[in-house]
Amino acid sequence: MAGAPGRGTLEKDKPPVLGLIQRGGQVVMRMLANVQQKTIQPIIEAAVAKGTRIHTDEYDIYVRLPAWGYRHETVCHARGEYARDEDGDGFCEIHVNTMEGTWSLLRSWLRPHRGISQEKLPLYLGFFEFVHNARRRGKALLGALIAALVR
């Protein structure tokens, strides 16, 4: 879907990136060659256990999640919906705010690098993913990085 807001294309030097995050858990980020179901399916299947409930926006690329073995809930940003209370307990169970916050962190982290090439973007995404998932900062992050390198 070239040209749609928030949907990049390789041809326009704005490569699409798929992000998956478990609330309070790990993040997975992958640069995509295109925004198609056959492109995202293997990434999702490698990172997410079957039967897991996945929350997304209303973008139609996710419509086949139930057929792939996942429970799927959506919020409709086009209707101004960003979170939904499914059971009336006052807590909005259905939302994509965790991933939206991660996108914000990624943009802030990439901003000083200005103009990352498509060839290097996967490396930057991988390092961001590592730092997020290590949950360490400063010298503790260096220790985690060295430990990962010498495995």
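Colleague: Which residue forms a salt bridge with Arg 84?
Modeller: Bear in mind that this is a predicted model, where local features need pLDDT of at least 70, side-chain atom pairs count only at pLDDT 80 or more, and totals for chains, interfaces and linings use all residues. Residues are numbered from 1 along each chain as its sequence is written, and side-chain values use heavy atoms, with hydrogens and water left out. A salt bridge here is a side-chain nitrogen of Lys or Arg within 4 Å of a carboxyl oxygen of Asp or Glu. With the closest N and O atoms 3.6 Å apart, the partner of Arg 84 is Glu 73.

Colleague: How many residues apart are Arg 84 and Glu 73?
Modeller: Strands are DSSP runs of E with at least two residues, helices are runs of H or I with at least four, and both are numbered from the N terminus. Arg 84 sits in strand β5 (residues 83-84) and Glu 73 in strand β4 (residues 71-74).

Colleague: Which residues make up the salt-bridge network around Glu 73?
Modeller: Salt bridges that share partners do the joining here. The network takes in Glu 73, Arg 79, Glu 81, Arg 84 and Glu 86.

Colleague: Where does the salt-bridge partner of Arg 30 lie?
Modeller: Arg 30 pairs with Glu 129, and their closest N and O atoms are 2.8 Å apart. Arg 30 is in strand β2 (residues 27-31), so the bridge ties together parts that are 99 residues apart in sequence. Its partner, Glu 129, lies in helix α3.

Colleague: Is Glu 129 buried or exposed?
Modeller: The cut-offs are under 20% relative accessible area for buried, over 50% for exposed and partly exposed in between (1.4 Å probe, protein chains only). Arg 30, at 35%, counts as partly exposed. Glu 129 has a relative accessible area of 14%, which means that Glu 129 is buried.

Colleague: What kind of aromatic pair do Trp 109 and Tyr 124 form?
Modeller: Rings of Phe, Tyr and Trp (its six-membered ring) pair if their centres lie within 6.5 Å; planes under 30 degrees apart count as stacked, over 60 as edge-to-face and the rest as tilted. The structure holds four such pairs. For Trp 109 and Tyr 124, the values are 6.2 Å centre to centre and 65° between the planes, and the pair is edge-to-face.

Colleague: And what about the rings of Trp 109 and Phe 128?
Modeller: Trp 109 lies in helix α2 and Phe 128 in helix α3, so this pair ties together parts that are 19 residues apart in sequence. Phe 128 is buried at 8% relative accessible area, while Trp 109 is partly exposed at 28%. The ring centres are 5.7 Å apart with the planes at 50°, so the pair is tilted.

Colleague: Which residues does His 95 touch?
Modeller: His 95 is in strand β6 (residues 94-95) and counts as buried at 14% relative accessibility. Contact means heavy atoms within 4.5 Å. Not counting residues up to four places away in sequence, His 95 touches Arg 23, His 55, Val 75, Tyr 82 and Ala 83.
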